[in-house]
Amino acid sequence: VKARETEEHNMPVVNLIERFNLPKGHYKLDIPKIGTMTATDLDEGIDMTDTEDINPSIVSATTAEVGLKVIITDILLRQNNESVFSIIGRQMGTAMARKKDTDAIALFGALNGGTVFGADGAAFSIANASAVIAKAKSNKMGSPLFIVHHPNAIFEFINDFSAPIATSGNLPKPFAADALMDFWTGIKVSGVPFFEDGNIAVESGVDSGIGVIANKNAMGYLVAKGKTEERQRDISLRAWEIVITEDYSMFEVDDTLGAGLQYEIGDPATS
């Protein structure tokens, strides 16, 4: 239980994207996408001649197993007053959450055809954040949108804003889940909520990391088998084996509904 509770509240990106379940007996999920259509003006008494092509395409996703094992010896159990199983459960839940969250974060850079907003060396300022939102909306990335970035990038943004520009209040209804409250900055700009995620890593060789602005339907979390926690007694080892596994994948559903945000995430000065 500790593993499940800890995991559910420590993977903000996973809780922001769309979840799919893989039906039993299937090895992959196929998601059809239909191209954009255009309506035209009509003349009275004149037959319609323009036709629209459906332009269907298919996004396919498969899953893979992920998990970890911990061995708890009898001596460890005897020498600790605290509940070792509870402590291990929290740690294992955190590990699974971090794995799933980083798998989802790895998708950010491929959105928008691989073209990120921002650049290495750029600060996540109010001007840049506002431009990101405007660009996402003008590019019809859908609604509602959300932004996720590293706490250090969010610090630059908060350090730059004035009260009349950034608005707080309630978390927008589509994102109003308990699992997200700890990661919401309390800030909305043009209706877009900002979330923090410390799992966003520095890109190799630079001080910037890639966050995201996206619609929920840009990325997906496909589950073939939910998280399973099992315990097994190994008599000869004089220990318990605790194993957690899950069969899932993170995948890109529609890269036109989001874009990576490359901004500086180096540590700010504290003095």
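Modeller: Proline 144 lies in the loop between helix H5 (126–138) and E6; helices (H or I, at least four residues) and strands (E, at least two) are DSSP runs, numbered from the N terminus. This is a predicted model, in which local features need pLDDT of at least 70, side-chain atom pairs count only at pLDDT 80 or more, and totals for chains, interfaces and linings use all residues. Residues are numbered from 1 along each chain as its sequence is written, and side-chain values use heavy atoms, leaving out hydrogens and water.

Colleague: Is the peptide bond from serine 143 to proline 144 cis or trans?

Modeller: Most peptide bonds are trans, and most residues other than glycine have a negative phi. The bond from serine 143 to proline 144 is cis, with omega near 0 degrees.

Colleague: Which loop holds serine 190, and what is the phi of serine 190?

Modeller: Serine 190 sits in the loop between strand E7 (184–189) and strand E8 (192–196). Its phi is positive, near 55 degrees, although serine is not glycine. Serine 190 counts as exposed because its relative accessibility is 52%; buried means under 20% relative accessible area, exposed over 50%, partly exposed in between (1.4 Å probe, protein chains only).

Colleague: Is valine 148 buried or exposed?

Modeller: Valine 148, in strand E6 (residues 145–149), has 0% relative accessibility and therefore counts as buried. Leaving aside neighbours within four places in sequence, its contacts (heavy atoms within 4.5 Å) include Val13, Phe195 and Ile200.
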